[in-house]
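Here is a friendly walk through the aromatic contacts and one of the pockets of this protein. Have the structure open as you read.

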Amino acid sequence: MPTRSARRWFAAATAGLLAAASLSPAPASAADAPYKVLVFSKTAGFRHSSIGTGIAAVQSLGAANNFTVTATEDAAAFTTANLAQYQSVVFMSTTGDVLNDAQQTAFESYIRGGGGYVGVHAAADTEYSWPFYGTLVGAWFASHPAIQQASVNVEDRSHPATAHLGATWTRTDEWYNYQTNPRATAHVLASLNESSYSGGTMSGDHPITWCKTIDSGRSFYTGFGHTEESYADANFRNLLLGAIRYTAKRVDGNCAAPVAPSGSVYQGEAWSSTGGVQVANHTPAVGGKTAGYIDNNDWIAFNGVNLANVTGVTVRTSSAGAGGTVELRAGSTTGTLLGSVAVANTGSWDTFRDVFTPLATSTNTTLYLVFKGTGSSLFDLDQITLTRAATTRQGEAWSSNSGLQVAAHGTATGGQTAGFIDNNDWAAYTGLTLSSAAGVRVKWSSAGAGGTIEFRAGSATGALLGSVAVANTGSWDTFRTAAVPLSTNASTSLYLVFRGGSGSLFDVDEFTLFNA
């Protein structure tokens, strides 16, 4: 077995800081109370020539939008007392290890206590050996192809950082590939269409901008910003402004992570049975262990897996060996092939990558992973995550209701919602499978008081499966989404019961049930 190296550093080169061009300020956000932003641009690896332009852009945004900017490359700024004066900290293409242990502790405390973080481009190429930073940024850098034009899919156009964008955005930049897919732990705002450029390695699901919450703090990351020209792009400047305002808590946005269905994530080392595989220790792995020492024709099996409604699988692996293939089979090592994943050398045994592939369904309840390749010690398997079928219903497509009316909304899915909702109104939806429900995501709008949606089984007073608070979104045509876990139930009818104060509370565009 080859020696397992700690991690791969990004190749370092040094470039001078360029003078910033004169940039037109974005429209002012007059409603914001004054606040302070720290821009940190220390590099211990590759240094981007766009850093100076990026700092100037943030300073220009601040001058026009009621926040002051302190720019520094001195990590001594990361003390509890000093950080307390800033509402958000921007990591402007930082690289490598830039904070010592005491500074890391102060910054983590700042974030968990309610501070904000904005990571720009190479912020993902920073602090690989600090686990909290990996959680904060969402995903670490893996590689990139040459600078080129690509098509960006804007997945959430309600967040203040992306509300100004269309459904697609064509732009030129250096497109990072990431070691893991952040979609399971963050709210993805924009992703790359990998068919629109060359060099994408994330199997067609390539987030490029996302946000999340960590305790009381807020985090935002964008892979944009390698080129100096990016900072003269009004769309990108407004994205940066929205990110800063969101993390500084001057404006809200939906950054909830998607519901993780139960019974869908399996640790590699938690097999039911195996042929030839051993447990390997890896600090960067989920839980610190993997299925390891994998040779050609080795296998592991997981019992009690619901394969009847799977649609795909994400396989997380590392390799400093030859790589190979993971075959996913039903019932035995030679059973029906449901799908396969090619696994490449990732650079080290402690560098993990995610690969997604569709899966066929099966009535079998035992999933076998059979490993193929040439030689020994091919790769290690950290975990697999099964993607399952989901059911979406439009709010206005109720089977029965009390007190609701259909409301027209040009920005809603299908142009309509369940609307004019008052306290204690309800809507029922039949023909659903609640016995395998794991969670629900709901999309709503409100210029009213907001309130709560209760999810009940069988009747408006039936078993409470879960509930979600829905707030005022700023207008009846501004929609947000939120997701919550649900309890299972034998009923096939789901009742949405609406609670709140007086007047029209909110409108419901649609909801999606996730199956376990």
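## Aromatic pairs and a pocket

This predicted model holds 30 aromatic pairs.

| Pair | Centre to centre | Angle between planes |
|---|---|---|
| Phe78 and Phe107 | 5.3 Å | 85 degrees |
| Phe224 and Phe236 | 6.2 Å | 90 degrees |

Let us take Phe78 and Phe107 to begin with. Phe78 sits in the loop between strand S2 (67-72) and helix H2 (80-83), while Phe107 belongs to helix H3 (residues 101-112), so their contact ties together parts that are 29 residues apart in sequence. Phe78 is buried, with a relative accessible area of 2%, and Phe107 is buried too, at 0%. Both rings belong to a cluster linked by ring pairs, which also takes in Phe40, Phe91, Tyr110, Tyr117, Trp130, Phe132 and Tyr133.

In the other pair, Phe224 comes from the loop between strand S11 (217-222) and helix H5 (234-247) and Phe236 from helix H5, so this pair ties together parts that are 12 residues apart in sequence. Phe224 and Phe236 are both buried. Phe224 also has a charged neighbour: Arg171 lies over its face, 4.7 Å from the ring centre. Elsewhere, Lys443 lies over the face of Phe479, at 5.4 Å from the ring centre.

Now to the second largest pocket, which holds about 180 Å³ of space. Its lining counts 14 residues, and Thr201, Ala344, Arg353, Asp354 and Val355 are the closest to the centre. Strands S5 (141-143), S19 (336-343) and S20 (352-358) each supply at least two lining residues, and S20 gives the most, with 3 residues. By type, the lining divides into 7 nonpolar, 5 polar and 2 charged residues.

How values were computed: Residues numbered from 1 in each chain as written. Predicted model: local features only at pLDDT ≥ 70, side-chain atom pairs only at ≥ 80, totals over all residues. Heavy atoms only, no water. 1 Å grid on protein atoms, 1.4 Å probe; cavity = no way out; pocket = protein on both sides within 12 Å on 5 of 7 lines; lining within 4 Å. Points joined across faces, edges and corners; volume = space filled by probe spheres on them. Helix = DSSP H or I, 4+ residues; strand = E, 2+ residues; numbered from the N terminus. Nonpolar A, V, L, I, M, F, W, Y, C, P; charged D, E, K, R; others polar. Phe/Tyr/Trp six-rings, centres within 6.5 Å; stacked < 30°, edge-to-face > 60°. Buried < 20%, exposed > 50% of the residue type's maximum accessible area, 1.4 Å probe, protein only. Lys NZ or Arg CZ within 6 Å of the ring centre and 35° of its normal.
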